[in-house]
Structure formats: structure tokens, C-alpha cells
Amino acid sequence: MAEQIRRKRISPVELIDAHLEQIERLNPRLNAFVQVDAERARRAAQDAEIAAMREVTLGPLHGVPVSIKSSLEVAGMRCEAGTRLRAGIIAAQDAPVVARLKNAGAIVLGVTNTPEFLMAWETDNLLYGRANNPWDPERTPGGSSGGEAAAIAAGMSAGGVGSDGGGSIRVPAHF
């Protein structure tokens, strides 16, 4: 996607809008995202488009839409790790991995669903409920990065950041 943007074959604005439309269409059924910041993503896409037109590269991920597991800090977004104990917590700054993605030109669409404290093989919690597998919504996308897995598999995000201490990325990849 970044290469297509650099070659001016696709617009970062159109790319972000396509992903936001996919989120709007599918997230009510999949419950992968717990927060989307469409306005901020569109502003970043406009900046990426201006840079591309000026032939300025913002980095290797110039204009690529990504999502972040809601246990990782994204400045101004929820960082609740699926638990009522952290309900309403908004990150004051970006985690290093998020800052690096942004510095590489990626555009954060939003944050994704997790099980409570990331401690389950399925993604379900009392704050936001269950994330569903896009291939069969009656099944789980796994956990604990299940919201990320569902978002990426459904084309709501081009890529994302999860975490894995005991299978949290490997289980959703398998499911």
C-alpha cells in the first residue's frame, strides 16, 4: 500500500476512507474495534496525501492504516485492556511501538478488543463484549489479540500490533 501511495496509484485519503467504511460496515457484527478515531485518521491521511503529492516520503509505511490492541498506549485513545478496573483510561502518550509506527508513516485507525487483562484464549470482556471471527461470527477469533486478528482478517485494518506472552497472537492466527 505504501508503495502504491508513493507511486501515486492510490490516495492515502481514499485508502483510509475504504478501511473506515469497512469498519462501519463490519464492526457492529465483529466487535473488533473498541474505539475508532476517524477524524484523526482522516487528518493524518490528508497530511500523507499532501506529502505524497510533494514527493516527500513519510516513511516505509507512508499512509498505511493500522490498528493497535487496546492494551497498548495510543495517545488520546482508550487503553483499558478489556477490564472494568481500567474503564475510561485514556493514554496520555504513545507506547514506543506506536510512536515507531507513526514515525514510519502508518496511520492509526483505532484500538481493538481484548479479553480482560489479556488473560483468555477468546476475546470477550465485560466492557465491550465478545469479538467475533469474521469467517464465522458464531466462533471466537481467539485471544488475546483477537480484536486485532478479526480486524485484519476482515480488511478493516491493513496491519496491527498485538502482543503474545502465551499464544495471544499465535492462537488468533490459528483460529
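A: Glutamate 39 is exposed because its relative accessible area is 57%, where exposed means over 50%, buried under 20% and partly exposed in between (1.4 Å probe, protein chains only). This is a predicted model, in which local features need pLDDT of at least 70 and side-chain atom pairs count only at pLDDT 80 or more, while totals for chains, interfaces and linings use all residues. Residues are numbered from 1 along each chain as its sequence is written, and side-chain values use heavy atoms, with hydrogens and water left out.

The partner of glutamate 39 is arginine 43: the two form a salt bridge in which the closest N and O atoms are 2.9 Å apart. The term denotes a side-chain nitrogen of Lys or Arg within 4 Å of a carboxyl oxygen of Asp or Glu. Arginine 43 is partly exposed, because its relative accessible area is 42%. Both residues belong to helix H3 (residues 38-53), and because they are four residues apart, about one helical turn separates them. An α-helix has 3.6 residues a turn, so residues three or four places apart point the same way. Side chains of opposite charge can pair when their charged atoms come close.

The count of salt bridges comes to eight, and two further examples may be described. Glutamate 3 and arginine 7 are joined through their side chains at 2.6 Å, N to O. Glutamate 3 is partly exposed, with a relative accessibility of 38%, and arginine 7 is likewise classed as partly exposed, at 46%. In another pair, the side chains of arginine 170 and aspartate 164 meet at 2.7 Å, N to O. Here arginine 170 is exposed at 56% relative accessible area, whereas aspartate 164 is partly exposed at 31%.

The fold supplies the setting for these pairs. The protein has six helices and four strands, taken as DSSP runs (helices H or I, at least four residues; strands E, at least two) numbered from the N terminus. In sequence order, these elements follow the pattern α-α-β-α-β-α-β-α-β-α. The C-alpha trace spans about 45 × 35 × 25 Å along its principal axes. Of the 175 residues, 47% are buried.

After H5 comes glycine 155, with a positive phi near 75°.

The side chain of asparagine 133 reaches the backbone oxygen of threonine 140 at 3.3 Å. Leaving aside residues up to four places away in sequence, asparagine 133 touches Leu30, Arg139, Thr140, Pro141 and Phe175. Methionine 119 also lies in the loop between E3 and H5, but methionine 119 is exposed, at 69% relative accessibility.

Terms used. Polar contact = N/O pair within 3.5 Å; in protein donor to acceptor, adjacent residues only side chain to side chain. Contact = heavy atoms within 4.5 Å.
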